[in-house]
Amino acid sequence: MSLTELVDKAINNIQKGKGYLDHGNDGTIYAITDEVVLKLHTGSYRGSPQKSAEYEFSFGTELYQHGVQVPQYLGLFGPVPLHHREGCGIFMERIHGLDPSSLQFPGLLEARRQYLEQKKKIEELGYVVKDSKNVYSNTLFDPKQNKLFLFDLVRWERK
Ligand SMILES: Nc1ncnc2c1ncn2[C@@H]1O[C@H](COP(=O)(O)OP(=O)(O)OP(=O)(O)O)[C@@H](O)[C@H]1O
Ligand SMILES: [Mg+2]
């Protein structure tokens, strides 16, 4: 699907409240296709939702290019006029995964091993991973690929 088609579908989903997956402090996640999600930024941690979206997109692209296990970042969304405000966000690869804390052995050990490995790699590249209270809060484990994905990079820093 082209970026233009993704944008049309995203606007339609947001307006109709279709495809809602989850939300947090920085944004709301909508499923756009089976392979693509939109993170619609609502938080202003980087100054504004648009700045947060731009930051997450450029940082995510950089990490993906270095082979870090993050979703593939596909493009920026917006600013687009929505009901009551301008919408900004990012399109990214949809991860069909589980919250690692819901895993049993040996999946749990594998998720933990990959988390520590990715964190080390990210730090060696010169970035700072912002852990939340729960280390797994911004990760999903895809059992089919046996792969842990790290995401939600708005609060991570380049050194
Ligand atoms: N690429 C993705 N594929 C599938 N689900 C995703 C993807 N990105 C995010 N999610 C789901 O949406 C939730 C919220 O996304 P994200 O952590 O990026 O938002 P946030 O607003 O920054 O969250 P918080 O402030 O709670 O950390 C995630 O915890 C995850 O369950
Ligand atoms: Mg999060």
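## Glutamate 86 and its contacts

Setting aside neighbours within four places in sequence, glutamate 86 is in contact with Gly78, Pro79, Val80 and Pro81 (contact: C-beta atoms, placed from the backbone, within 7 Å). The model is predicted: local features need pLDDT of at least 70, side-chain atom pairs count only at pLDDT 80 or more, and totals for chains, interfaces and linings use all residues. Residues are numbered from 1 along each chain as its sequence is written, while chains are lettered from A and ligands numbered from 1 in the order in which they are written.

Glutamate 86 lies in strand β5 (residues 86-93). Strands (E, at least two residues) and helices (H or I, at least four) are DSSP runs, numbered from the N terminus. Glutamate 86 is exposed, because 12 other C-beta atoms lie within 10 Å. The cut-offs are 12 or fewer for exposed, 20 or more for buried, and partly exposed in between, with C-beta atoms placed from the backbone. Glutamine 50 is 36 residues away along the chain from glutamate 86, and their C-alpha atoms are separated by 9.0 Å.

## Helix α3: span and faces

Helix α3 covers residues 107-124. At 1.5 Å a residue, its 18 residues should span 26 Å, and its end C-alpha atoms are 26 Å apart, which agrees. The expected span is 1.5 Å times one less than the number of residues.

Ala111, Tyr115, Gln118 and Ile122 are buried in α3. They cover an arc of only 75° around the axis, so they sit on the same side of α3. The arc is that of the directions from the helix axis to the C-beta atoms. The face turned away from the buried side carries exposed residues, including Leu109, Arg113 and Glu117.

## Packing and helix end

The buried residues of α3 pack against α2 (49-65), β6 (127-128), β7 (139-142) and β8 (147-150). Glycine 126 follows α3, with a positive phi near 95°.

Note on methods
Contact = placed C-beta atoms within 7 Å.
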